[in-house]
Amino acid sequence: MGKKNSMAAPLALLLLVLAASALSSLPTPCLAVTSPYVRPRARATLSVPAHADADGQTPQQVHVSAVGPDQMRVTWITDDDAPATVEYGTAPGQYPFSATGSTTAYSYVLYHSGNIHDAVVGPLKPSTTYYYRCSSDPSREFSFRTAPSGLPFNFVIAGDLGQTEWTNSTLQHIAAADYDMLLLPGDLSYADLDQPRWDSYGRLVEPLASARPWMVTQGNHEVEKIPLIEHPFKAYNARWRMPYDAGASPSGSNLFYSFDVAGGAVHVIMLGSYTDYDTGSAQHRWLQGDLARIDRSKASFVVALVHAPWYNSNEAHQGEGDAMRDAMEAMLYGARVDAVFAGHVHAYERFTRVYGGKEDRCGPVYVTIGDGGNREGLAEKYIDPQPSTSVYREASFGHGRLQVANTTHALWTWHRNDDNEPVVTDQVWITSLASNPACNKK
């Protein structure tokens, strides 16, 4: 998954950007599409066992997440006690640097987790491959590549992953892409109270999640609350710790946070659909402050992720994001957020720029991408007629890629899982609202 040293890709990208700039000056035709594509049959649920030769101190379920511009958090689990130490370097088998973190565990009814370790490594160089091992275990060496310090910057976005053969297909397609970071708008393991399913999920995603930073937010399947017995988000918070306490805008909660990439050229906001968001709540106050701190002369693109979509023309989960939209949409619109990505609905849909339920050239592009591969299947019924704000919709599994090419243009593509091939089925250039004078009048 390393970067190519050829000039062909940058040249092709430049030509595409120039074409997009020319096209952006033309009138936009109404091309609303409900795809007639007939998906292949459902595929089996997966259960990924531990490595056959693993012992109690063998690191498993390894994943990494970004912490600030030059650090990475490494998280892993061991069955028995082991040091929370990561040794790392830029050559295989050579680890001149090390970092020691902390170890936690949790119990859930009769389940007891393994030892969950995490350590923050750095400072790290941008666009560099680091090799590392966890708990000084010699049996497994991992590697990750740090993100670039500027543009272009490549995101993969996939929601509602779960653990099925469709999930595995999606992960294979993602692994074949050259990307810098994965964003996941909720619904990770679909453990749904069955805690060993979290372990299976950690093993399933480890090949990708140990090699690129995965930045996630929670969905309804992460709640796992049992009244009077278990409080919500116990497993999620223990296993997937995000940088909520880092940067210039700490949120105080692992359920919502923000971070910058590409030297501050892109600001990413991860919101929580299943924690309080009303006016006066901690999340609402934090979002207001976070948006106020954004300097759009530096942050060319601002994107947000949320689980329950604020705009949705699928019959599934109708209206479930409306209350959060009522509480927060005006803030995102006022800050000229460029795009909002959601999950929850198990299908793909892209809206035009919207605000207040109507097309608005200064509103965000809304995308539903809850189609990673979950066991509940696809949401195949759409509302007719298709709303004028809905541009493309299709009930298929897949994933999306957001390539922020430069300070004015980002290319969004959705890749359908067409049997075992990733097929580009929807594509659009998104122009930064910060570069649009009409949207930035005082």
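This is a guided tour of a predicted model, moving from the whole chain to its sheets and then to single residues.

**Before selecting anything**

Residues are numbered from 1 along each chain as its sequence is written, and side-chain values use heavy atoms, with hydrogens and water left out. Because the model is predicted, local features need pLDDT of at least 70 and side-chain atom pairs count only at pLDDT 80 or more, while totals for chains, interfaces and linings use all residues.

**The whole chain**

Colour the chain by pLDDT, which is the predictor's confidence in each residue, from 0 to 100; the average is 92, and 92% of the residues score at least 70. Then select residues 1–30, where the pLDDT is below 50 and where the model has 27 contacts beyond near neighbours in sequence (a contact means heavy atoms within 4.5 Å).

Buried residues make up 56% of the 442, where buried means under 20% relative accessible area, exposed over 50%, and partly exposed in between, with a 1.4 Å probe and protein chains only. Of the contacts with a separation of 6 or more, 70% are between residues 24 or more positions apart.

A cartoon view gives six helices and 25 strands; these are DSSP runs numbered from the N terminus, helices being H or I of at least four residues and strands E of at least two.

**The six-stranded sheet**

Select the strands of the open sheet with the order β14-β13-β12-β23-β24-β25 and mixed pairing; two strands pair if DSSP finds at least two bridges between them. Strands β14 (214–216) and β25 (421–431) stand at the edges with a single partner strand each, so one side of each is left without a neighbour in the sheet. From one strand to the next, the twist averages 20°.

Now show helix α2 (residues 165–175), which packs on this sheet and touches β12 (153–157), β13 (181–184), β14, β23, β24 and β25, its direction making about 25° with that of β23. Such angles run from 0 to 180 degrees between N-to-C directions, and the axes are lines fitted to C-alpha atoms, for helices over the stretch in contact. Within the sheet, zoom in on β23 (residues 398–404) and β24 (residues 409–418), which run antiparallel and are joined by seven bridges; Leu402 stands opposite Trp412 of β24.

**The four-stranded sheet**

The next selection is an open sheet with antiparallel pairing and the order β2-β3-β9-β6. Its edges are β2 (60–67) and β6 (102–104), each with a single partner strand, so one side of each has no neighbour in the sheet. Strands β3 (residues 71–78) and β9 (residues 115–121) run antiparallel and are joined by seven bridges, and the bridge partner of Val74 in β9 is Ala119. Helix α3 (residues 196–209) lies across β2 and β3, running at about 60° to β2.

**Single residues in loops**

Tyr277 is buried, at a relative accessible area of 17%, and, leaving aside residues up to four places away in sequence, it touches Gly272, Gln283, His284, Ala323, Met324, Ala327 and Met328. Tyr277 and Met328 are 51 residues apart in sequence, with their C-alpha atoms 7.8 Å apart in space.

Two cis peptide bonds can then be inspected: one joins Leu151 and Pro152, with omega about 0°, and another runs from Asp384 to Pro385, with omega near -5°. Pro152 is in the loop between β11 (142–145) and β12, whereas Pro385 is in the loop between β21 (365–369) and β22 (390–394).

Finally, select Ala262, in the loop between β15 (257–261) and β16; although not a glycine, Ala262 has a positive phi near 55°, and it counts as buried at 6% relative accessibility. Arg336, in the loop between α6 (322–334) and β18 (339–342), also has a positive phi, about 60°, without being a glycine, and at 16% relative accessibility Arg336 counts as buried.
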